[in-house]
Amino acid sequence: MDLNFSAEEERFRSEVRAFVAAKLPAAIRDKVLGHKRLEREDFLTWVRILNTRGWVAPSWPRRFGGQEWDPARQLILEEECALAGAPPVLSFGPRMVAPVIMTFGNQAQQEYFLPRILNGEHWWCQGYSEPGAGSDLASLKTRAERRGDTYVVNGQKTWTTLAQYADWIFCLVRTSQEGRPQAGISFLLIDMKSPGITVRPIVMLDGEHEINEVWFDNVEVPVANRIGEENAGWTYAKFLLGHERVSNAALGPSKRALRELKAIAAATPSGGGRPLIEVPRFRDRIAEVEIDLMALEVMVLRVIAMDRERHTPGPEASLLKLQGSQIQQAISALAMEALGPYAALHQPLALSAGWTGSSAGPPLGLGITGRYFNYRKVSIYAGSNEIQRNIIARHMLGL
Amino acid sequence: MDFTFTEEQVQIRDSLRRFLTETYTLDRRRAIARAGTGCDPEIWRQFAELGILGLGIPQPLGGIGGDAFDALVVMEELGRALVIEPYLSTALVCAGILVRAGSPAQQQLLAGVATGENRLALAHDEPDSRWRLDAVATRATRKGASWVLNGRKAMVPDGAGADHLVISARTESGVSLFLVPGASEHMTRTALMSHDGSSVAEITLEGLRVPADALIGVEGGGLPLVEAASHVAVAGLCSEAVGAMDALLALTLAYVKTRRQFGVPIGSFQALQHRMADMLLHAELARSMSYLASAKLGVRSVGERRRAISAAKFLVGRSARLVGQEAVQIHGGMGVSEELATSHYFKRLTLINASFGDMDHHLEQFAAATTAELHSAALTTIHSTPATRRSVPDSRSPQARPGR
């Protein structure tokens, strides 16, 4: 029993830290740490920088351009990047569609798509949810009709994260009405520039544009862009969900958010002459979430160790997602509450990159309340926490 | 990083589990609790035979010399089987003090601990101390070549049954520890029964005279020893709670799969499934923290150790409360009866929270240590007014200043 990273892993951590410190552009870092709006180019710039070291998807197999990293190294990389204020490498390409392409795609698909994920040429988004298909994903209605060598796709996807930036969308579509709903689903890769695709913004409760509706009106998709067999898409979709492992625990982002919370609480007067962080009632709430984060970190390491031994992901990822999301929400709530009356300020203009004016309120307060509102999403997306509890009950408790 | 147990640890676990499953039935446990002594001599003898009593004692001193994770394995099993025998206080806590600081003469007792002939108890907490380690009002004054002790010790686990006590008392240079035979004149031990069936004692010292060589270690050096012992105790209690939560979760799971209402097993109801998913989550978080606590017992940095121990005790206490209360709720009427093991697990888990510092106590310890750390890091950048510096909460953190 040994809970420490190895000396080699610690050396690697120093290496990552030095790399990020040297290469992460200050303008991007300041946006991330200051809760400013990130643009498409900010994400992609960072992907290209990471790609110079082969760090966009280092856990991929070597034959696809990866380095077959152990999850522990992946964790260290993500954590150091998050702590330093790097934009996240979004999962949709490297950790969601890529494993599906590697496992079930054909050689042509692998050769075309995988390198373009690594070099940032293709931004991927996820076409799963529909207005009538959320937690009950298999009830999806977007249909693809086969006409010779093409599918004609009609329907609507929704809640599509950053579809406004995307080059490609991976979609679950209905190709058959026969049998169980799960049996008639296929997995298609669709070029977002295809005629007939319309992206409509959905403004979220924080006033920001992060998610979208994606409409398909007689969109023609080559059959060559189908993954695997027709009507076998549900299997691939489930496989994909199993690959969102430890990053859903959001350890790195939560560590950064906790650090920020403490800085806010230490800089915020409590009205009684001492900073808020010294008011026991508030200090204890920070302490509790910090302890929760310590426990989550050990859990993540345990799950990594388990995966290492049995070589297949188990249902424990649901525990990590459930607790990781609760911690993210708890920290974002405390940071907002720390601002006191200033929590009310909404300054959307100050969030844009071009803003040269000053913002009102405490210096560390910008975007904090918006994040609290925005983060209600984390217990809803990627399988709501109720769905996670269902999974835990079924697969870990046998209920 | 390695979360596997060694072959020896797996062996200890398996043989102990086999023994306890066969022998330590709920009825046997009831009988031990009814007897009021909190320790069945036959069980204790078997513990010695299994080798677990010598786990905290190095081989040269008569033990078998285990590490923190050997102890974790044992404590988990004792928790799983709801053992009320005073294993932790004798074999890990008090033995640890003597191993660390006892004189050669005092250490001769350790061989007896390993064979089960001797039992030790730590008489440190007092009626007014509420887990503050430095709140020692008991006095020891020098009288010629002896010490004379006066004061009261509270809720001492196995305090009446142990043949030797480690007693803390304030001397001129601080808190000092004394090794004292249990049956001594001018010491009154009142055995009391605990809700979990174990035996505790209230102890009154009225002019208890002990020889100079009863002192453990150096005069005034008692607090670091007590703190280290309390860390061992907390790590042990955390592991015990994890074992108890494992067993309680398994019981509850079996219950919801067999208990039928409205024509179906109640485990098919989502309301219960989600509660049980949360129970599992919190039990696993607790297991993670019990690993962390045991792993940090050996680290050199006192601050790091304190933070881990208090974090673990807080989180395990919270998990134990949730898992315990939910298990009773899900068992319905059966949960509030004495008949099933459920309520006994619940009671033990509840009392673990009240032992060696409850959730509030450890959250305070953790927060104080963490705030101090933040201040030292941020002093120069965020705010550096004298008022801020003065308010670093040293005075609220008894464990932050042992030895004073």
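**A guided reading**

Guide: Gladly! Let us begin with a hairpin: S6(B) and S7(B) form one with 5 residues between them, and B:Gly197 in the turn has a positive phi of about 90°. Strands (E, at least two residues) and helices (H or I, at least four) are DSSP runs, numbered from the N terminus. This is a predicted model, in which local features need pLDDT of at least 70 and side-chain atom pairs count only at pLDDT 80 or more, while totals for chains, interfaces and linings use all residues. Residues are numbered from 1 along each chain as its sequence is written, and chains are lettered from A and ligands numbered from 1 in the order in which they are written.

Visitor: In which sense do strand S6 and strand S7 of chain B pair?

Guide: Two strands pair if DSSP finds at least two bridges between them. Here S6 (residues 187-193) and S7 (residues 199-211) of chain B pair in the antiparallel sense over 7 bridges. Within that pairing, B:Leu192 stands opposite B:Val200 in S7(B).

Visitor: How many helices and strands are in chain A?

Guide: Chain A has 12 helices and 8 strands. Its radius of gyration is 22 Å, close to the 21 Å from the globule rule for 399 residues, so chain A is as compact as a globular protein of that length. That radius is taken over C-alpha atoms, and the rule is 2.2 Å times the number of residues to the power 0.38. Chain B has 12 helices and 10 strands. For its 404 residues a compact globule would have a radius near 22 Å, and chain B agrees with 22 Å.

Visitor: Which residues have the most contacts inside the largest nonpolar core?

Guide: A nonpolar core is a set of buried Ala, Val, Leu, Ile, Met, Phe, Trp, Tyr and Cys residues joined through C-beta atoms within 7 Å. The largest one has 229 residues, and those with the most contacts inside it are B:Val166, B:Phe178, B:Ala241, B:Met245, B:Met289 and B:Ala312. Helix H7 (residues 222-258) of chain B gives this core its largest share, 19 residues.

Visitor: How many residues of chain A are in contact with chain B?

Guide: Two residues are in contact if their C-beta atoms, placed from the backbone, lie within 7 Å. By that test, 40 residues of chain A are in contact with 35 residues of chain B. H9(A) gives the most to the chain A side, with 13 residues. That side divides into 24 nonpolar, 5 polar and 11 charged residues. Ala, Val, Leu, Ile, Met, Phe, Trp, Tyr, Cys and Pro count as nonpolar, Asp, Glu, Lys and Arg as charged, and the others, Gly among them, as polar.

Visitor: Into which domains is chain B divided?

Guide: Domain bounds come from an automatic or database domain assignment. For chain B they give domain 1 (7-118), domain 2 (122-219) and domain 3 (224-390). The C-alpha centres of domain 2 and domain 3 of chain B are separated by 29 Å, and 10 residues of domain 2 are in contact with 11 residues of domain 3.

Terms used
A residue is buried if 20 or more other C-beta atoms lie within 10 Å of its own, exposed if 12 or fewer, and partly exposed in between; C-beta atoms are placed from the backbone.
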